[in-house]
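Look it over, then read on.

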Amino acid sequence: MTDSLTFHFDVDGENFVSAGQASVQVKKNLRELGFPPEIIRRVSIAMYEGEINMVIHAGGGAADVDVFEDRIVIVLSDHGPGIPDIDLAMQEGYSTATDNVRSLGFGAGMGLPNMKRYTDEMRIESKVGKGTVITMCIFV
Amino acid sequence: MTIGKLKELLDAEVLCGEERLDSDIHSACGSDMMSDVLAYVKDQAVLLTGLVNSQVIRTAEMMDMICVVFVRSKRPTPEMLEIAKDSGIAVLATKMRMYEACGTLYANGLGANPTA
């Protein structure tokens, strides 16, 4: 099963209001493709958290989703500040978000843990000053 | 209960999604932190919140919720209502504060756990 459908999105880092649009689109696409609701929800929540992260921490980035029959792979890449200590960033409740971001309802330190919680595999590659690439996989 | 019953109990105004008033709801959650909603909520149909920005509606959409209730007389923006209409989410507003709104619904049988 090598054939896949690929979706690419540019995530605008300047616009908090539009954050999440890519996830909404992916959710619609997966629904049309007939994936089970629980799988769709897991994919869209993980991707949505990632999109929000890219907007609030990294000034935007790119989201690529590969849809296979047996799995969905999401790759989120940005040229933001990078994550100096990934283990620390993975701890629930740890956040470097500003008060402004918290006032918008995010920055509770749940983004990365949620992404891990809702996916079967997650890999974070990050270089300080260069950016971050997060690859998530959900098996169908 | 239905969204219509919720509207009555909270003396709420329907801002969009009038056609959903007959939809059944079995559970709800209240939070101003969307990250927590995304982390802890499972199969809950209603979100009560005092937070006003478009990500509230998006969060509800991601969680497959069908109704968002703004407490403390908060009003969503027209843009938020557009997103809600596109997603088929009913949006209501009540004067009640969060604690009172949640307590009223809970006391009338709308629990926190969808399987209960």
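## One residue and its contacts

Start with B:Val68. Beyond its neighbours within four places in sequence, B:Val68 is in contact with B:Leu47, B:Thr49, B:Val56, B:Ile57, B:Ala60, B:Ala84, B:Ile89 and B:Val91. Two residues are in contact if their C-beta atoms, placed from the backbone, lie within 7 Å.

This is a predicted model: local features need pLDDT of at least 70, side-chain atom pairs count only at pLDDT 80 or more, and totals for chains, interfaces and linings use all residues. Residues are numbered from 1 along each chain as its sequence is written, while chains are lettered from A and ligands numbered from 1 in the order in which they are written.

## Chain B as a whole

Chain B has 5 helices and 5 strands. Helices (H or I, at least four residues) and strands (E, at least two) are DSSP runs, numbered from the N terminus. Along the sequence the pattern is α-β-β-α-β-α-β-α-β-α.

Of the 116 residues of chain B, 47% count as buried. Buried means that 20 or more other C-beta atoms lie within 10 Å of the residue's own, with C-beta atoms placed from the backbone; 12 or fewer means exposed, and in between is partly exposed. The C-alpha atoms of chain B fill a box of roughly 35 × 30 × 25 Å, taken along the principal axes.

## The sheet

The 5 strands of chain B form an open sheet in the order β1-β5-β4-β3-β2, with mixed pairing. Two strands pair if DSSP finds at least two bridges between them. The edge strands of chain B are β1 (13-16) and β2 (28-30), and each pairs on one side only.

Strands β4 (residues 67-70) and β5 (residues 90-93) of chain B pair in the parallel sense over 4 bridges. Here B:Phe70 stands opposite B:Ala93 in β5(B).

## The core

The largest nonpolar core has 74 residues. Such a core is a set of buried Ala, Val, Leu, Ile, Met, Phe, Trp, Tyr and Cys residues joined through C-beta atoms within 7 Å. B:Val46, B:Met65, B:Cys67, B:Val68, B:Val69 and B:Ile89 touch the most other members. Helix α2 (residues 37-57) of chain A gives the largest share of this core, 10 residues.

## Where the chains meet

The contact takes 17 residues from chain B and 18 residues from chain A. On the side of chain B that touches chain A, α2 (34-40) and α3 (54-62) of chain B each supply at least two residues. The most come from α3(B), with 6 residues.
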